[in-house]
Amino acid sequence: MTLRVPTNKAESVGMRKLSSDKTLKEALETLKGKPKVKRTMWSRRAQEYEAKINSGDLVSIAEVVRDLFRADDQPEQSYSERQIFEAAASRLARELAAMEEVDEPTALEKILDILRKSAAIWNKDKVPA
């Protein structure tokens, strides 16, 4: 399918060029970082996460994905947490897929792989009492 948008309207409808390789590498490195757990109210955090996702900044989206990821051995996410995580992960996967010329599920699996490996590193020191 080909989508045609007049170039003079591309920016006004929210389209942009693909991110640079450097930005993509930075976003994937962000996924490897330690998740930041904020103790503020969920509604406030949800607004911040939505703003980051809608910014279109790949690194900000990667931060949301990293912070909301839950490994299989971690507590279950709430429905709204899972919705925001899936929205951010999907956005990141679509960009990665376009840049690496693979399909979205393959790109998403690559992201989840990075997150699982990082979760194993960051959660190994949290031994249940």
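Predicted model: local features only at pLDDT ≥ 70, side-chain atom pairs only at ≥ 80, totals over all residues.
Reader: What volume does the largest pocket have, and which residues lie nearest its centre?

Author: The largest pocket has a volume of about 370 Å³. Its lining has 24 residues, and those nearest the centre are Pro 35, Val 37, Asp 67, Arg 70 and Gln 74. Arg 70 and Gln 74 are also among the residues that line the second largest pocket.

Reader: Which elements give two or more residues to the lining of the largest pocket, and which one gives the most?

Author: Helices H3 (42-55), H4 (58-68) and H6 (104-123) each give two or more. H6 gives the most, with five residues. By class, the lining of the largest pocket holds 10 charged, 10 nonpolar and four polar residues.

Reader: Why is Ser 118 called buried?

Author: Buried means under 20% relative accessible area. Ser 118 has a relative accessible area of 6%, so it is buried. This residue lies in helix H6. Leaving out residues up to four places away in sequence, Ser 118 touches Leu 31 and Lys 32.

Reader: Why is Leu 3 called exposed?

Author: The cut-off for exposed is over 50%. Leu 3 has a relative accessible area of 65%, so it counts as exposed. Leu 3 is in the segment before helix H1 (7-10). Between the C-alpha atoms of Leu 3 and Glu 76 there are 39 Å, and the two residues are 73 apart along the chain.

Reader: How do you know that the buried residues of H3 line one face of the helix?

Author: The buried residues of H3 are Arg 45, Ala 46, Tyr 49 and Ile 53. Seen down the axis of H3, they fall within an arc of 100°, so they line one face. As background, an α-helix has 3.6 residues a turn, so residues three or four places apart point the same way. Gln 47 and Asn 54 are exposed on the other side of H3. Elements that cover the buried residues of H3 include H4 and H5.

Reader: How does the reach of H3 from its first C-alpha to its last compare with what is expected at 1.5 Å a residue?

Author: H3 has 14 residues and reaches 20 Å, close to the expected 20 Å. The residue that follows H3 is Gly 56, whose phi is positive, near 80°.

Reader: What makes H4 count as mostly covered?

Author: In H4, 10 of the 11 residues are buried. They are Leu 58, Val 59, Ser 60, Ile 61, Ala 62, Val 64, Val 65, Arg 66, Asp 67 and Leu 68. Since buried means under 20% relative accessible area, each of these residues falls under that value.

Reader: What covers the buried residues of H4?

Author: The cover includes helix H2 (21-32), together with H3, H5 and H6.

Definitions and conventions
Residues numbered from 1 in each chain as written. Heavy atoms only, no water. 1 Å grid on protein atoms, 1.4 Å probe; cavity = no way out; pocket = protein on both sides within 12 Å on 5 of 7 lines; lining within 4 Å. Points joined across faces, edges and corners; volume = space filled by probe spheres on them. Helix = DSSP H or I, 4+ residues; strand = E, 2+ residues; numbered from the N terminus. Nonpolar A, V, L, I, M, F, W, Y, C, P; charged D, E, K, R; others polar. Buried < 20%, exposed > 50% of the residue type's maximum accessible area, 1.4 Å probe, protein only. Contact = heavy atoms within 4.5 Å. Expected span 1.5 Å × (residues − 1). Arc of directions from axis to C-beta.
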